[in-house]
Amino acid sequence: MASPCDLVLHAAHILCRTQDAAIHTLADGALAVTDGAISALGPRTELARQWQPRRELDLGNALLLPGLINAHTHASMTVFRGIADDLPLMEWLNKHIFPLERRLTRRFVHLGALLGCAEMIRTGTSAFQDMYLMEDEVCRAADLAGLRCLAGEVVFAFPTAAIPKPEEALDLVREQAARWQGHPRVRIAVMPHAVYTTRPDTLRDCMALAEELDLPLHMHLAESAAESASCLEMHGKRPIPYCRDLGLLTPRTSLAHVVDVTEEELDILAQSGVYVVHNPSSNMKLASGVARVPAMLDRGIRLALGTDGAAANNRLNMFTEMGRAALLHKLEGRDPSLCPAGKIFEAATTGGAGALGDSRLGVLEAGRPADIIALDLDAPNLQPMYAPVSHAVYAATGMEVRMNMVDGEILYLDGSFTRFNYPDLIAEMREIQQEVGAIHADLTQNSA
Ligand SMILES: [Zn+2]
């Protein structure tokens with residue numbers, strides 16, 4: 001007797017784990033989904049006998065992969081995409097981004113995040129870690145778009161458009177954690193911005209709250225040599241020993257960038273069990289430096305991958321990010337065996353799952369959440385296919401994504417977003433472009 005299920009997906013190839021086998025490619029496969037989870041995976045003929053679906057979707061010559069995990073972004077910054085390029089980090093932040101962010105409204109944050117979700121859904125991301133001001137608006141956008149999100153109100157030691165009194169920042173985080181508790185896809189983390197925008201007591205209080213509420217902690221760290229120099233000057237220590245001594249480096253912690261590190265600091269990171277979120281596009285664009293990813297992998301440091309915000313990338317596309325990560329370190333190390341496709345794909349899937357504190361994600365296997373993307377293998381750049389992971393990292397652009405499913409629900413299929421009206425969003429973006437453009441023109445005139 002066949003068991004009932006919600007959906008059976010058919011595809012020419014499925015990158016998955018069956019029984020206790022390693023990850024392999026199932027040809028002419030099928031995947032059954034019930035209550036948001038993968039209930040079975042196997043050859044098409046076998047599943048046809050065992051399962052009676054309410055709905056069937058035959059994706060034909062497609063490759064099913066786990067949804068990618070963007071472990072560091074600021075989705076709302078899509079509203080600043082391309083507004084200030086080709087500038088060094090501190091000038092970019094202090095002359096453009098921070099002044100623009102002082103004029104943020106909840107509408108910018110919400111619509112920017114929804115656009116960010118649209119871009120991530122369109123290019124195969126199923127979950128993201130997000131840090132921003134007025135983060136509730138990002139949570140609402142993720143909730144609406146259907147993505148998984150680990151969200152954090154950014155904590156600064158100075159007043160912001162979101163929090164006029166910085167001493168109240170953690171009360172807001174506490175409120176948000178209570179508001180989103182029990183949501184199936186949206187969770188809250190504690191997110192101090194960085195060492196150069198907080199004080200030691202801010203960071204200590206952030207960790208204490210993360211421990212009290214059992215939440216992940218996420219921050220930018222060791223992004224550039226300039227950050228290390230200022231940390232040394234202000235606190236007498238470089239960023240990593242400084243954060244270690246404040247008790248911030250623990251397995252609940254994920255750190256974005258981690259570019260400027262010494263050998264000893266790599267050892268500290270390896271021993272601490274933190275996740276490092278590598279952001280190659282942002283690091284290249286802001287010329288922050290090259291993170292020592294091969295050395296991190298050698299030491300067993302847990303690696304995830306993130307796009308950073310759209311002002312520093314300028315895409316929220318994890319296929320782009322995987323490709324750049326895999327290529328950058330080969331060139332930097334003059335060694336083509338560095339950062340092989342498999343390691344980079346792991347960082348974008350299971351590594352991201354760990355960084356987001358949800359180890360169920362990142363693998364297609366019975367019992368795990370049905371967070372699944374389908375790549376169109378008829379795309380000329382994906383023909384022929386000998387090695388699916390190679391295609392995912394080196395050949396795909398993200399625009400071959402035909403379907404994106406999260407929690408068993410299709411969020412995008414063959415050109416259509418299912419949960420929100422995309423043409424309406426684009427119409428709102430035209431208005432936002434006018435508004436943000438006018439603010440930026442005003443700011444740059446005043447500072448000139
Ligand atoms: Zn960032």
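User: Which strands does helix α12 lie across, and at what angle does the helix run to β14?

Analyst: This is a predicted model, and the answers below are computed from it. Helix α12 covers residues 318–332. The helix lies across β13 and β14, and its angle to β14 is about 130°.

User: In what order do the four strands of the open sheet come, and what is the average twist from one strand to the next?

Analyst: The pairing in this open sheet is parallel, and the strand order is β11-β12-β13-β14. Strands β11 (217–221) and β14 (302–305) are at the edges, each pairing on one side only. From one strand to the next, the twist averages 30°.

User: Which residues coordinate the zinc ion, and how are they spaced in sequence?

Analyst: The zinc ion is coordinated at 2.1 to 2.2 Å by the NE2 atoms of His72, His74 and His220, together with OD of Asp308. Along the sequence, the spacing of these donor residues is H-x1-H-x145-H-x87-D.

User: Why is the arrangement of the four donor atoms around the zinc ion classed as it is?

Analyst: For four donors, a tetrahedral label would need all angles between 85 and 135 degrees. Around the zinc ion the four donor atoms subtend angles of 87 to 171°, which makes the arrangement irregular.

User: Is histidine 74 buried or exposed, and what is its relative accessible area?

Analyst: The cut-off for a buried residue is under 20% relative accessible area. Histidine 72 has 0% relative accessibility and so counts as buried. Histidine 74 is also buried, and its relative accessible area is 7%.

User: How far apart in sequence are the parts that arginine 238 and aspartate 260 tie together?

Analyst: The structure holds 29 salt bridges. One of them joins the side chains of arginine 238 and aspartate 260, at 3.4 Å from N to O. Arginine 238 sits in the loop between α7 (225–235) and α8 (239–245), and aspartate 260 in the loop between β12 and α9 (263–272), so the parts tied together are apart in sequence by 22 residues.

User: Are arginine 238 and aspartate 260 buried or partly exposed, and what are their relative accessibilities?

Analyst: Buried would require a value under 20%. Arginine 238 counts as partly exposed at 23%. Aspartate 260 counts as partly exposed too, at 22%.

User: Which residue forms a salt bridge with arginine 292, and what separates the closest N and O atoms?

Analyst: The partner of arginine 292 is glutamate 263. Arginine 292 lies in the loop between α10 (280–285) and α11 (293–298) and glutamate 263 in helix α9, so the pair ties together parts 29 residues apart in sequence. Arginine 292 is partly exposed at 26%, and glutamate 263 is partly exposed at 40%. The closest N and O atoms of arginine 292 and glutamate 263 are apart by 2.3 Å.

User: Why is strand β16 described as largely enclosed, and how many of its six residues are buried?

Analyst: Strand β16 runs over residues 401–406. The strand is largely enclosed by the rest of the structure because the buried residues among its six number five.

User: What separates the C-alpha atoms of isoleucine 83 and glycine 437?

Analyst: Isoleucine 83 is placed in the loop between β6 (68–73) and α2 (89–102). Leaving aside neighbours within four places in sequence, isoleucine 83 is in contact with Leu100, Val436 and His440. Isoleucine 83 and glycine 437 are 354 residues apart along the chain, and their C-alpha atoms are separated by 7.8 Å.

Note on methods:
Residues are numbered from 1 along each chain as its sequence is written. This is a predicted model: local features need pLDDT of at least 70, side-chain atom pairs count only at pLDDT 80 or more; totals for chains, interfaces and linings use all residues. Side-chain values use heavy atoms; hydrogens and water are left out. Donors are N, O and S atoms within 2.8 Å of the metal (3.2 Å for Na, K and Ca); water is not among the atoms, so sites may look incomplete. Four donors count as tetrahedral if all angles lie between 85 and 135 degrees; four count as square planar and six as octahedral if opposite donors are over 155 degrees apart and all others between 65 and 115; anything else is irregular. Buried means under 20% relative accessible area, exposed over 50%, partly exposed in between (1.4 Å probe, protein chains only). Two strands pair if DSSP finds at least two bridges between them. Helices (H or I, at least four residues) and strands (E, at least two) are DSSP runs, numbered from the N terminus. Axes are lines fitted to C-alpha atoms, for helices over the stretch in contact, and angles run from 0 to 180 degrees between N-to-C directions. Contact means heavy atoms within 4.5 Å. A salt bridge is a side-chain nitrogen of Lys or Arg within 4 Å of a carboxyl oxygen of Asp or Glu.
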